[in-house]
Amino acid sequence: MHEVADVPVWVPLAYLIAGVCFILALRGLSSPESSRRGNRFGMIGMAIAVVTTLVTHEIGSLVEILIAIAIGGAIGFIIARRIAMTAMPQLVAAFHSLVGMAAVLVGAAAFLNPDAFGILGPDGEILDVSRVEMGLGVAIGAITFSGSVIAFLKLNGNMSGKPIILPLRHVINLGTLAVILGLIGYFTTDQSAWVFWTVTALSFLIGFLLIIPIGGADMPVVVSMLNSYSGWAAAAMGFTLQNTAMIITGALVGSSGAILSYIMCRAMNRSFISVISGGFGGETAIAGPAGASDRPWKRGSAEDAAFLMKQAEQVIIVPGYGMAVAQAQHALREMADMLKEEGVTVKYAIHPVAGRMPGHMNVLLAEASVPYDEVFELEDINSEFARSDVAFVIGANDVTNPSAKTDKSSPIYGMPVLDVEKAKTVLFVKRSMGGAGYAGVENELFFRDNTMMLLADAKKMVEDIVKSLG
Amino acid sequence: MDFISILSIFVLACFVGYYVVWSVTPALHTPLMAVTNAISSVIIVGALIAAATAGVPQAKWIGLVAVALASVNIFGGFAVTERMLAMYKKKERKG
């Protein structure tokens, strides 16, 4: 009895327009100037998709639906307004989990009421192809949900960032995945409820198992990988509903996450396989070679730093996650403004994996009103360090470690790093000499002749420098 | 629509996504994740269909929960993206 067979022609067209709006939304992000227009296109696309769905279906429960939208919308809106920019990675992870769960619920609803989704065959059974699509959609959705929950807990500090390594985990994971795929195949021959719910339950389990062994340093890859999964889940549901808006969106989101994961892996010189098989980068540092920390190093004060930077022609600031944790971005911008008043050229250098998700540092600097044309990517600024008087490293450890270029035994060997050591002086802001970066390796840079360690909380140190400059 | 037509749309959309996402500037990768997150909530279309149809009460309630979850994402995702993008400015202050 359902509308799938006799939809008016404007309906698929409307969904197509929604899909095009989503493409334009991403296209807008190619530059900061056009980005807000892009976001508006996204909103318009979503409005078209929702309204089209509402007007083309017999809505028996419009009031309930509007209440559900209002409750969800209000929660989302309030969270979006209140969230600190430093907490963006865990917010995105939490949002991914919701998309995953929504996909699971839609799949479950389609299984319970296939007639509403127009997926019943002439024999009164769910169409074979729809069973595969539903199975895949539910599985990917469930993996996205439980994986994102773990990523959220790790990023939010409710759970240790240390990898949890189970014995035989590869065997367990591959075995579970094989069983899930086998059951989805079996589902085409036997449309029993137990098959469907077992697929769902095992997928929740595998999402959990896949993310617990992954350490904190690899979180940027995990967050973008889950982004990709949430897209594929939406696409699978789009196949079930034969809905172009969902298919186009799913493909866009899926590619987006996959590309970002690739960029992150390349920036760390790690293969995707080695990231998802896990284990790299806990929060406990592996002790460096014995006695390494006994090597001589220089300690500087805020006054020294202020003096050196005042005299400089060019200063390059290298922010990392330590800056984010200390919330030092506003003080940093104030420092940069004062230096600029002294006639110093100030630039910012950002490593692609600085922070806990792709581009996180850029957002924090933007929050502190740092003009984006002073902010440079690794390949655009690396040659400039040699021409700079001061490199000011604040809370960035692994991404500035020169041993990534020379020490074949280092776990980060081969990772592209910022050439900060080429500056005349390196000012390195760090809480204490103890504790290595996320990769658990000691930074060779601390013991260089041209390095001065500024040991303090990042925000406190920058504020002291600002005082000395004034 | 037959399966092959849908598959064609999907494959072509993957290529479009590939090229469009590569053109996103790295400085906007975090807003990219936030906005893709919001638009992947187009899954709400499926949730609305489930919530709209009477007949199987469980399916309707499951659908309503899915509508609420997707709405958190739609409003939250677009709002937080808007908030981030509003912060990206060219030099507006004199150094």
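Predicted model: local features only at pLDDT ≥ 70, side-chain atom pairs only at ≥ 80, totals over all residues.
Local features were taken only at pLDDT of at least 70 and side-chain atom pairs only at pLDDT 80 or more, while totals for chains, interfaces and linings use all residues. Residues are numbered from 1 along each chain as its sequence is written, chains are lettered from A and ligands numbered from 1 in the order in which they are written, and side-chain values use heavy atoms, with hydrogens and water left out.

The secondary structure of chain A comprises 17 helices and 6 strands. Helices (H or I, at least four residues) and strands (E, at least two) are DSSP runs, numbered from the N terminus. The C-alpha atoms of chain A occupy a box of roughly 80 × 50 × 35 Å along the principal axes. Three domains are assigned: domain 1 (1–82), domain 2 (86–283) and domain 3 (302–469). These bounds come from an automatic or database domain assignment. The C-alpha centres of domain 1 and domain 3 of chain A are 42 Å apart. Of the 470 residues of chain A, 59% are buried. Buried means under 20% relative accessible area, exposed over 50%, and partly exposed in between (1.4 Å probe, protein chains only). Contacts (heavy atoms within 4.5 Å) were also sorted by sequence separation. Among those in chain A between residues at least 6 apart in sequence, 79% join residues at least 24 apart.

Chain B contributes 80 residues to the contact with chain A, and chain A contributes 106 residues. Together the two chains bury about 8400 Å², 76% of it on carbon and sulfur atoms. In chain B, M33(B), I43(B) and R83(B) lose the most area to chain A, together 8% of what that side buries. Buried area is the accessible area (1.4 Å probe) that two parts lose on being put together, summed over both.

The interface between chain B and chain A holds 3 salt bridges. A salt bridge is a side-chain nitrogen of Lys or Arg within 4 Å of a carboxyl oxygen of Asp or Glu. E82(B) and R36(A) form a salt bridge, at 3.4 Å from N to O. There are also 17 residue pairs in polar contact between chain B and chain A, both residues at pLDDT 80 or more. Helices α1 (3–22), α2 (29–39), α3 (44–52) and α4 (57–87) of chain B each supply at least two residues of the side that touches chain A. The largest share, 27 residues, comes from α4(B). By type, the residues on this side of chain B divide into 54 nonpolar, 18 polar and 8 charged. Here Ala, Val, Leu, Ile, Met, Phe, Trp, Tyr, Cys and Pro count as nonpolar, Asp, Glu, Lys and Arg as charged, and the others, Gly among them, as polar. A polar contact is a pair of N or O atoms within 3.5 Å; within protein, one must be able to donate a hydrogen and the other to accept it, and residues adjacent in sequence count only if both atoms are side-chain atoms.

Over all chains, the structure holds 18 salt bridges. R131(A) pairs with D128(A), with the closest N and O atoms 3.9 Å apart. Both residues lie in helix α5 (residues 128–155) of chain A, 3 residues apart, about one turn of the helix. R131(A) is buried at 4% relative accessible area, whereas D128(A) is partly exposed at 44%. E421(A) and K405(A) form a salt bridge at 2.7 Å between the closest N and O atoms. E421(A) lies in the loop between α16 (403–406) and β5 (425–430), and K405(A) in helix α16, so the pair ties together parts 16 residues apart in sequence. E421(A) is buried, at 13%; K405(A) is partly exposed, at 36%. K422(A) and D419(A) also meet in a salt bridge (3.5 Å, N to O). K422(A) is partly exposed at 47%, and D419(A) is buried at 11%. A network of salt bridges links R333(A), D337(A), K340(A) and E374(A).

Helix α14 (residues 360–367) of chain A is mostly covered, with 7 of its 8 residues buried. Just after α14(A), S369(A) takes a positive phi of about 60°. Q242(A), not a glycine, has a positive phi of about 50°. Q242(A) sits in the loop between α8 (219–241) and α9 (244–267) of chain A and is partly exposed at 31% relative accessibility. N269(A), also not a glycine, has a positive phi of about 55°. N269(A) lies in the loop between α9 and α10 (272–276) of chain A and is partly exposed at 44%.
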